[in-house]
Amino acid sequence: MSQDLLRVRGLTRKFGGLVAVRNLSFNVRQGEIVGLIGPNGAGKTTAFNLITGTIRPSSGSVVFQDRDISGGPPSRVVVAGLARTFQSTSTYPRETVAENVYRGLLSRISGSIVGLLAGRRERSLSEAGISAEIDEILKMTDLTSWRDTAAGSLPYGLQKILGIAVAMATRPTMLLLDEPAAGLNHEECNDLAKLLHRLRDEHGLTLLLVEHHMALVMQLCQRIVVLVQGEKIAEGSPEEIRQNPAVIEAYLGAPDYAHA
Ligand SMILES: Nc1ncnc2c1ncn2[C@@H]1O[C@H](COP(=O)(O)OP(=O)(O)OP(=O)(O)O)[C@@H](O)[C@H]1O
Ligand SMILES: [Mg+2]
């Protein structure tokens, strides 16, 4: 297997006359934290939807761990080891934290037939193992003390962390995060950064992050891809991106970039 975990090649998606993503290509290597940034409407979420198989590309391909996953379906993508969180919180508010994490485990089990066909060996989940596995995920994400709290009663920052925990329950190799810091206060943002670093360092996770919070992106990411109106206009280290004239031009007047 090559060092590139994810290879996006010439990805294009049209919505009627609008080209939301145009000829997008980039790689993510094993163990990297890569940022995908761009102004509102740049096509970042559409790129995530294409990569995770929620929508089909008009053209182009997505290769994950040397397997072509272009066009999904999402269950196959999850079983291949690629999970995501959503721009809005997507947990079940009336269910407890543990029950939400259980849903993540279930999505792995229900996809496992596809996984077997794809040649991936699933760890089988005995009933006795489920509780232990939920505990492990909660510990990993610092949610243990909230185990029996309804998701809707959690502080907002923890609801977003729960979204990450649900995704982690699918035991991904790589996680795509769509604006994990949106709506978080300064302290919650620091906790999030620590968690993401820990998931990478201790659990070997590879991360692709869409985020408007530039300070966080610059702090977390080794490499940044910049999208403007569906097209990649730059790619490089945080320092290169910060100084790139095309990027500065694209963000002129955008208040979130002023914090970088
Ligand atoms: N299902 C859809 N049907 C039609 N147009 C869509 C659809 N999804 C996205 N678009 C359009 O595609 C463009 C890119 O949208 P997208 O949500 O990917 O942007 P984004 O970079 O995630 O923006 P934001 O930072 O605001 O979340 C926008 O013009 C949007 O209106
Ligand atoms: Mg978006």
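Predicted model: local features only at pLDDT ≥ 70, side-chain atom pairs only at ≥ 80, totals over all residues.
What share of contacts in the protein between residues at least 6 apart in sequence join residues at least 24 apart? I looked it up: 69%. Two residues are in contact if their C-beta atoms, placed from the backbone, lie within 7 Å.

Residues are numbered from 1 along each chain as its sequence is written, while chains are lettered from A and ligands numbered from 1 in the order in which they are written.

**Overall.** I noted 10 helices and 10 strands. Helices (H or I, at least four residues) and strands (E, at least two) are DSSP runs, numbered from the N terminus. Of the 260 residues, 39% count as buried. Buried means 20 or more other C-beta atoms within 10 Å of the residue's own, exposed means 12 or fewer, and partly exposed is in between; C-beta atoms are placed from the backbone.

**Sheets.** I traced an open sheet of 6 strands in the order S6-S7-S8-S3-S9-S10, with mixed pairing. Its edge strands, S6 (82-84) and S10 (231-236), each pair on one side only. Two strands pair if DSSP finds at least two bridges between them. The twist averages 20° from one strand to the next. S7 (residues 174-178) and S8 (residues 206-210) run parallel, joined by 5 bridges. Leu176 stands opposite Leu208 in S8.

I then traced an open sheet of 4 strands, ordered S2-S1-S4-S5, with antiparallel pairing. S2 (18-29) and S5 (67-68) are the edge strands. S1 (residues 4-15) pairs with S2 over 8 bridges. Leu11 stands opposite Leu24 in S2.

**Ligand 1.** I listed the residues around the ligand; among them are Phe15, Asn40, Lys44 and Gln87. Such a residue has its C-beta atom, placed from the backbone, within 6 Å of the molecule. The shell divides into 4 nonpolar, 7 polar and 1 charged. Ala, Val, Leu, Ile, Met, Phe, Trp, Tyr, Cys and Pro count as nonpolar, Asp, Glu, Lys and Arg as charged, and the others, Gly among them, as polar. Helix H1 (44-51) gives the most, with 3 residues.

**H1 and H6.** H1 lies across S3 (33-37), S6, S7, S8 and S9 (223-228), at about 150° to S7. Axes are lines fitted to C-alpha atoms, for helices over the stretch in contact, and angles run from 0 to 180 degrees between N-to-C directions.

I checked H6 (residues 156-168) for length: at 1.5 Å a residue its 13 residues should span 18 Å, and the end C-alpha atoms are 19 Å apart, which agrees. The expected span is 1.5 Å times one less than the number of residues. In H6, 10 of 13 residues are buried, including Leu158 and Met168.
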